[in-house]
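I opened this notebook to keep track of what I looked up. The entries go from the chain as a whole to single residues.

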Amino acid sequence: MTDVVDSDELLRRLQRARACAQQEERAWRDRREDLGAADADPARDAVVRALAYETVVRVLDEILTPGKHDEPN
């Protein structure tokens, strides 16, 4: 099923997605810190997941605020 949404609703959905991705990123970073070196495999998995969510946040940031995070070369 497809819904037609206006630009305001699309913006709200993107903002909610960004907030959710930020929350998940923090949760996986906290999990990594809690696991420590003793649990190498789960800790590595937590790092990878945190990086994935960080990437999602950066992409959504660029969509929501184009050029805001441009880094000088």
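Before placing any residue, I noted what counts as a helix here: a DSSP run of H or I with at least four residues, numbered from the N terminus. The model I am reading is a predicted one.

Entry one, the whole chain. I looked up the secondary structure and found two helices and zero strands. Helix α1 covers residues 7–35, and helix α2 covers residues 40–64. I then checked the overall dimensions. The C-alpha trace spans about 50 × 40 × 15 Å along its principal axes. The radius of gyration is 16 Å, whereas a compact globule of 73 residues would have one near 11 Å.

Entry two, surface and contacts. I found that 15% of the 73 residues count as buried. The chain exposes about 5,800 Å², and 52% of that comes from carbon and sulfur atoms. I also looked at contacts with a separation of 6 or more: residues 24 or more positions apart account for 54% of them.

I noted 12 positive and 17 negative side chains in the chain. The centres of the two sets lie 1 Å apart.

I located Glu9 in helix α1. Is Glu9 buried or exposed? Its relative accessible area is 19%, and the cut-off for buried is under 20%, so I put Glu9 down as buried. I also looked for a polar partner: the side chain of Glu9 makes a polar contact with the side chain of Arg12, at 3.0 Å.

I found Leu60 in helix α2. Leu60 counts as buried because its relative accessibility is 10%, and the cut-off is under 20%. Which residues is Leu60 in contact with, leaving aside its neighbours within four places in sequence? I wrote down Leu14, Ala17 and Arg18. I also checked Leu60 against Gly36, which is 24 residues away along the chain, and their C-alpha atoms are separated by 30 Å.

Last, I compared Ala17 with Val47: the two are 30 residues apart in sequence, and 20 Å apart in space from C-alpha to C-alpha.

Definitions and conventions. Residues are numbered from 1 along each chain as its sequence is written. This is a predicted model: local features need pLDDT of at least 70, side-chain atom pairs count only at pLDDT 80 or more; totals for chains, interfaces and linings use all residues. Side-chain values use heavy atoms; hydrogens and water are left out. The radius of gyration is taken over C-alpha atoms; the globule rule is 2.2 Å times the number of residues to the power 0.38. Buried means under 20% relative accessible area, exposed over 50%, partly exposed in between (1.4 Å probe, protein chains only). Contact means heavy atoms within 4.5 Å. Accessible areas come from the Shrake-Rupley method with a 1.4 Å probe; for residues, only the protein chains shown count as cover. Lys and Arg count as positive and Asp and Glu as negative; His and the chain ends are not counted. The place of a charge is taken as NZ of Lys, CZ of Arg, CG of Asp or CD of Glu. A polar contact is a pair of N or O atoms within 3.5 Å; within protein, one must be able to donate a hydrogen and the other to accept it, and residues adjacent in sequence count only if both atoms are side-chain atoms.
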